[in-house]
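Subject: Structure handover

Hello,

Here is the structure I promised to pass on. Please open it alongside this note. My findings follow below.

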Amino acid sequence: MITLALVLFGCSSDKEIELIEQINTETNNTVDELKNDISEITRLNKELREDLEQQSKELD
């Protein structure tokens, strides 16, 4: 979307557009990695909570 706007308004050379697209791709990859990390942390947190609940029941 950004690239299209730059092309339409003639604000960037081909090299600049290529760099912007590369940065956009890298940013999207980073966001995907962070989403995966958050999912893994959430999963581990749930497992830990369940383990703690089980231990608590065993102590009662």
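Start at Glu47, which is partly exposed, with a relative accessible area of 36%. Glu47 makes a salt bridge with Arg43. Their closest N and O atoms sit 2.3 Å apart. Both residues belong to helix 2, and because they are four residues apart there, about one helical turn separates them.

Arg43 has another partner. Glu40 also forms a salt bridge with Arg43, and here the closest N and O atoms are 2.6 Å apart. Glu40 and Arg43 are three residues apart in helix 2, again about one turn of the helix. That helix covers residues 14–59.

Glu40, Arg43 and Glu47 are joined into one network by their salt bridges. In general, side chains of opposite charge can pair when their charged atoms come close.

How exposed are the other two members? Glu40 has 36% relative accessibility, so it counts as partly exposed. Arg43 has 38% relative accessibility and also counts as partly exposed. The cut-offs matter here: partly exposed lies between buried, under 20%, and exposed, over 50%.

Now the whole chain. Keep in mind that this is a predicted model. The protein chain has two helices and zero strands. It runs to 60 residues, and 7% of them count as buried. Its accessible surface comes to about 5600 Å². Carbon and sulfur atoms account for 56% of that surface. The salt-bridge total for the structure is two.

Best wishes

Notes:
Residues numbered from 1 in each chain as written. Predicted model: local features only at pLDDT ≥ 70, side-chain atom pairs only at ≥ 80, totals over all residues. Heavy atoms only, no water. Buried < 20%, exposed > 50% of the residue type's maximum accessible area, 1.4 Å probe, protein only. Areas by Shrake-Rupley, 256 points an atom, 1.4 Å probe, with all protein chains shown as cover. Salt bridge = Lys/Arg side-chain N within 4 Å of Asp/Glu carboxyl O.
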